Amino acid sequence: MGLSPEGRGLLLEGGKALGLDLRPHLEAFSRLYDLLMEGNRKANLTALRTEREVVAKHFLDSLTLLLFPLWKGPLRVLDLGTGAGFPGLPLKIVRPELEVVLLDATRKKVAFLEEAVAALGLEGAYPLWGRAEEVAHLPEHREAYHRVTARAVAHLCVLAELGLPFLRRGGHMVAQKGPKVREELSLLPKALGPLGGSLGEVRSFRPPFLEEERALVVLAKEAPTPSAYPRRPGVPEKKPLC
Ligand code: SAH
């Protein structure tokens with residue numbers, strides 16, 4: 001089955017709007033679309049059902065990350081709270097040289113990711129089941145990544161605590177946020193200092209074929225994060241740093 005001619009057209013046109021030539025990746029996205037639909041039949045993976053929604057809100061919205069020139073070379077990337085693989089899978093498809101760890105706390109989503117990675121033949125994509133609060137304290141993951149991505153996972157004050165511990169010094173986290181980002185940004189400076197982070201670029205825009213405004217927020221890792229962070233599972237959310 002795969003993406004219909006309309007779906008393919010939408011993907012190509014949206015890609016162009018983002019400065020990307022997605023022609024070489026049409027088959028991979030088409031296969032991923034099938035896997036998502038199949039996964040949805042077995043388990044409720046994503047709320048998006050129509051082809052247009054999946055292409056616009058999952059594939060193209062994920063790829064807006066590439067508006068920043070942060071993805072060149074064999075970097076280690078952690079997609080925190082990846083769900084059914086967003087933005088991590090589209091990023092990996094379009095930038096195969098990246099090593100992408102797909103972290104999620106929900107087991108059935110990680111089971112889907114394992115199937116999807118195998119079916120797409122992606123090398124260097126690693127689904128990982130766990131909570132960021134725990135995984136961030138494991139030596140092989142702590143301060144081990146060049147980039148962290150997160151879409152629709154938590155308030156920026158929470159995300160900073162969950163994500164910054166994974167970053168090496170000089171690394172960047174890119175959070176994909178909705179229109180309410182301004183309020184979150186006003187609080188954020190209070191959390192960044194203690195975590196060893198700083199605020200980088202913030203870019204607001206409307207992704208291809210979507211009505212809502214989106215924002216990309218870049219955080220930079222300046223100094224090691226004290227080992228007290230992230231706090232125990234659930235605490236960052238219950239008592240946010242800002
Ligand atoms: N990024 C995906 C999914 C968003 S839903 C997308 O944009 O489509 C948020 C996901 O984050 C859920 O799948 C949830 O299991 C995961 N999540 C939330 N808190 C987490 C934590 N502390 N550690 C790991 N995963 C977490």
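User: Where does Glu143 lie in this one?
Analyst: In this predicted model, Glu143 is in the loop between α6 (132-135) and β4 (145-151).

User: What is its phi, positive or negative?
Analyst: The phi of Glu143 is positive, about 50 degrees, although the residue is not a glycine. For context, most residues other than glycine have a negative phi.

User: Okay, on to peptide bonds. Which kind joins Phe86 and Pro87, cis or trans?
Analyst: That one is cis, with omega at about 10 degrees. Pro87 belongs to the loop between β1 (76-80) and α4 (88-94).

User: And the bond from Tyr229 to Pro230, cis or trans?
Analyst: The Tyr229 to Pro230 bond is cis, and its omega is near -5 degrees. Pro230 lies in the loop between β7 (214-221) and α10 (235-238). In general, most peptide bonds are trans.

User: Let's switch to the ligand. Which residues come nearest?
Analyst: There are 15 residues around the ligand, and the nearest are Gly81, Phe86, Asp104, Glu133 and Arg151.

User: How far is the ligand nitrogen from the polar backbone atom of Gly81?
Analyst: The distance there is 2.8 Å. For Glu133, a polar atom of the side chain is 2.9 Å from a nitrogen atom of the ligand.

User: And what does Thr106 do there?
Analyst: Thr106 has an N or O atom in its side chain that lies 3.0 Å from an oxygen atom of the ligand.

User: How much of the ligand's accessible area does the protein cover?
Analyst: On its own the ligand has 570 Å² of accessible area, and the protein covers 80% of that.

User: Which pocket does the ligand sit in?
Analyst: The ligand sits in the largest pocket.

User: Zooming out, how many helices and strands are there?
Analyst: The protein has 10 helices and 7 strands.

User: What does the C-alpha trace span?
Analyst: Along its principal axes, the C-alpha trace spans about 50 × 35 × 35 Å.

User: Why does the radius of gyration agree with a compact globule?
Analyst: Because a compact globule of 242 residues would have a radius of gyration near 18 Å, and this protein has 17 Å.

How values were computed: Residues are numbered from 1 along each chain as its sequence is written. This is a predicted model: local features need pLDDT of at least 70, side-chain atom pairs count only at pLDDT 80 or more; totals for chains, interfaces and linings use all residues. Side-chain values use heavy atoms; hydrogens and water are left out. A residue is near a molecule or strand if one of its heavy atoms lies within 4 Å of it. A polar contact is a pair of N or O atoms within 3.5 Å; within protein, one must be able to donate a hydrogen and the other to accept it, and residues adjacent in sequence count only if both atoms are side-chain atoms. Accessible areas come from the Shrake-Rupley method with a 1.4 Å probe; for residues, only the protein chains shown count as cover. On a 1 Å grid over the protein atoms alone, a cavity is a set of points where a 1.4 Å probe fits but cannot get out, and a pocket is an open set with protein on both sides within 12 Å along at least five of seven lines; lining residues have an atom within 4 Å of a point. A molecule sits in a cavity or pocket if more than half of its atoms lie within 2 Å of its grid points. Helices (H or I, at least four residues) and strands (E, at least two) are DSSP runs, numbered from the N terminus. The radius of gyration is taken over C-alpha atoms; the globule rule is 2.2 Å times the number of residues to the power 0.38.
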